[in-house]
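Here is a quick walk through some local features, with the coordinates open beside you. Follow along in your viewer as you read.

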Amino acid sequence: MSGLNAARHAFVPWIALSMIGGCVSLTLVWPTAGLDSRDALSRLAVLTIAALAAHGLALAWRRWCEWSALWLLVGAGLIGAARTAWDEYTWHRTLESLGAVCGSDRHLVCVDGIVTSKPRCDESLYRDELLRCDSYDDDVLSPFVPQSPSIRFTLAVDSMRDEFGKPHLIDATVRVSVEGLNAGCVSGDRVSLVGWLSPCELPRNPGGFNSLAWGRSRGVAAILAVESHALVTTLRNNDLSLVTLLARWRSCVDATMQRALGTHDGFSAEDRGERLDVCALIAASTTGAAWPGLRSVSKAFAACGVQHLVAISGFNFAILASCALWGIRRCSNSHRVGGVALVALACLFVASIESEVSSIRAALMGGSSALALTFNRTLPFGSVVGGAAIVIVLCDPAAASEPGFQLSFAAIMGLHFVSPVLTNRLQSLVRGFGLRATLTRLALVPVGASVAAWSATAPIVAIHFGSWPLLCVPCTLVLSPCFAAMVVSANAMVVLEPLAPPLARTARVVAALNARCILTVVRACSTMPGALDAYASVRVIDSPGDALIRIDMLDVGNGSCYLVRSGASTVVFDCGSLGAPAVGSRVIVPALRALGVTSVDVVVISHPNLDHYGGLPEIVRDCRVRRVLVTPQFLKWSEHSRAAACALDSARALGASIETTARGDAHPFGDAVWRVIHPVCDGHFADSNDGSLIVRVDQGLFSLLLTGDSAREACADILRSPDQHQLEGITVMELPHHGSFRPESAALATRVSSAVVLQSTGARRLLRDVWGPLLDPAIRLVTARDNACALVWNTDGSLVVGAWDGAHFHWRQLDHPIAPPLPLPISDHEDGTLQVDHICDRTTSALLELYLELARVDWNTDLHDWIWCPEVMSRKLMVCLPDNDHTVAPRACRWWHLCGHVECCEPLGDFVDEPQRPPDFERRGGEGCVTLLHARCWVFRTRKRWSCWRGHRRCQ
């Protein structure tokens, strides 16, 4: 090789490193939002052209001088930065054209595109099968959360229609979720979809899943939710593009593997199929497909630090290439034949698998080496690795910042540079030349390679994930032979299935046997000392100042979860949601880890509704909880609720003691005292919400009032009780029942008059929000609007309020005392009904509509017919409405002409603002529609999900 060519080859790694540095530096230094500026892009382009021109002049003046090398590296770095800037610019333009910019609302769209991945059902459909093979990864109470099955796939969008039906060209990739068991399409189809498009979001809680980063790393611009497969229309596809051919080829390979494993759509048949976890492991190591059961398998591999074995990487390609080269050399000694076969194998390898950085890197390196072998030439290692890195960065500059890219190239560098030195050092320790010494030296080769790869990748793992995989080396040594055998037999099974089914069955037996051995070893090692915690990669968020007490309100959607830390004590008040099927393991526990909580002293459950205790088993398991406090009413209601009984039984099985608490009890937790002011021990409530805990937490001058789902009866009881003095001096208050407006709730909130109000709720309640005028000027924190929120009471007496923005908390200190709102006068009428007076006029109409939802009507006739009951409805309405001149129902106009109509249905809940709440005693009721006609032609219409109420007949 000439000196000029050698110099050029020597500069390839440095060019690749400079280009990678330009990509990474721009993404770290330059804010992403600033990449939309055309001026910035033009400046980058000018700098790049100037650097390349300077390099050309230096090269023409004097070949490969120092200035030439310097300008070459500067130009390569600027090319990487310019490519990153342009990629980010086009990415944000794509998001804007879709209307999927982070933070925007979802909207209805009609898009056309090509299905690029096989439609797959979620794992909840295979729950029973996964439980039998110990691979179900959802929470214990997930089956009790109402959810509809869905099918997911990836769509390459090429056009989107506007409101006039005119298509506009667009180039984007979206993740589609179709409700039901039928996707209405297959991989490779050109389809038209109508659904709700929503952007990928930043995590709404500390430690949460970053769907925005996930989508950016995979090129997924948004999430498209399709309500039915009837909204999926298959279009005629006359042109066979490369995307269509690849999608159909991968679908064909996936279907062949399913037939070979004796499965259908990933579901294992009892008589002829393998277990789901075995099939998932074989599919993941062969084609990279995510079959049901892979989630639990990946978690076990991650605990051992060998998750790289599950992903398609150079290890897989090296095994296949070695077997192919060995077979070719047995048939022919021609280097050209071997090189062509390896190039074809690399192309087939990339075309058949789900593309990842590690697989593309392996195919590029293997293909370039095979191409050199075809022409009987050799390429330097640096040129092969650098060339692969340059191609990946030019195609996807965002990959340079991903852990997969860095780990992949770090591992190959460690194997090339560190492994030979380390192996020679280890082999030099072996004395003698006999058979035993020879075998020992051969055994030390994989040891040196594993230690070299681990030493090169461990710092990157520590930087990105904050953990050190101690079991990586021994597990890799033990599992590598089994993995090699499984990869070879699985690929042979796919190839032989259409050609020789008997041989394919034999290969399946070998692959399944090795997969079972691998799973046994990995699951055993995942429980050993040194295994990584499932939440080891969560970053810890610090508290501002020197906190005496801190309250964190997590965003769990339609549910509640409060973390209260005082001194050395940590208490969780409620822990559930109806919007997340696995709220415990996927939302609450990662958030607790990110907030620095590894153990919880006690979990307090307000009442037996699933949106308040759905994550209890997972918190008890992962946070070493030893006490769970519930009300006596909770134990009574658990006798009729399978979900509540399952939660208590799971907590007991995990070592937690179930204790009861009621009015009058005081519990010292750390430096704070928790006083229960509702309910009484022997209280009986028709609605479980009225039996909810109301707790006051005191620490010095700071006080917190937690109300759970306290409804009308509970709020009225505490306002009339002798202990109502405990409502004075409250600093922070939780709005009752997630902020559902009732006159008693309004009376309680205005009676307390706290400086800060907390509301944990989903976005639906904010669509009809009437709390603002009553709570002003108090600071109101709402999870649906502000994500996770935190309050810190410091030693200097300052109160700091923070809202989570997806990366960190935005803190603000309340320097001046907040003037509380004026309290509403409260009086008791002769019938014992709590009355609220002087509700302001601007909220009267909305309040009246909400009051009608709470009116309980004794239906005595057929629910399918029209019912005239003016007397009953008038009495109920006048109970709710105050009797003064500031309302729409003064005494002179108290009579209303009413008619009610009930539409039969099968609701999931018993409250209009909680349509997914499971009704009490797990029964169902009808949905009522009430129309009221006032004498002055005022018309109000509302819908109500009727629930069990004392003394009234329940709709059936």
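## A serine in a strand

Is Ser192 buried or exposed? Keep in mind that this is a predicted model. Ser192 sits in strand β5, which covers residues 190–199. Its relative accessible area is 12%, so Ser192 is buried, the cut-off being under 20%. The side chain of Ser192 has a partner, too: it makes a polar contact of 2.9 Å with the side chain of Asp112.

## Two helices side by side

The crossing of α15 past α16 is left-handed. What sort of residues make up this contact? They split into 22 nonpolar, two polar and one charged.

## Helix α6

Helix α6 runs over residues 242–261, which makes 20 residues. From first C-alpha to last, α6 reaches 29 Å, close to the 28 Å expected at 1.5 Å a residue.

As a reminder, most residues other than glycine have a negative phi, and most peptide bonds are trans. Here are some exceptions to look up.

Arg624 has a positive phi, near 55 degrees, and is not a glycine. You'll find Arg624 in the loop between α19 (616–622) and β14 (627–630). With a relative accessible area of 49%, Arg624 is partly exposed. Asn787 also has a positive phi, about 60 degrees, without being a glycine. This one is in the loop between α25 (783–786) and β23 (789–794). Asn787 counts as buried, because its relative accessibility is 14% and the cut-off is under 20%.

Where is the cis peptide bond? It joins His678 and Pro679, with omega at about 0 degrees. Pro679 belongs to the loop between β17 and β18.

## Loop residues with 0% accessibility

Stay with that loop for a moment. Asn689 is placed in the loop between β17 (672–678) and β18 (694–699). Its relative accessible area is 0%, so Asn689 is buried. What does the side chain of Asn689 touch? A polar contact of 3.2 Å links it to the side chain of His607.

Now step to Ser606, in the loop between β13 (602–604) and α18 (610–613). Ser606 counts as buried, since its relative accessibility is 0%. How far is Ser606 from Asp709 in sequence and in space? The two are 103 residues apart along the chain, while their C-alpha atoms are 7.7 Å apart.

Terms used: Residues numbered from 1 in each chain as written. Predicted model: local features only at pLDDT ≥ 70, side-chain atom pairs only at ≥ 80, totals over all residues. Heavy atoms only, no water. Left-handed = near helix turned anticlockwise from the far one by under 90°. Helix = DSSP H or I, 4+ residues; strand = E, 2+ residues; numbered from the N terminus. Nonpolar A, V, L, I, M, F, W, Y, C, P; charged D, E, K, R; others polar. Buried < 20%, exposed > 50% of the residue type's maximum accessible area, 1.4 Å probe, protein only. Polar contact = N/O pair within 3.5 Å; in protein donor to acceptor, adjacent residues only side chain to side chain. Expected span 1.5 Å × (residues − 1).
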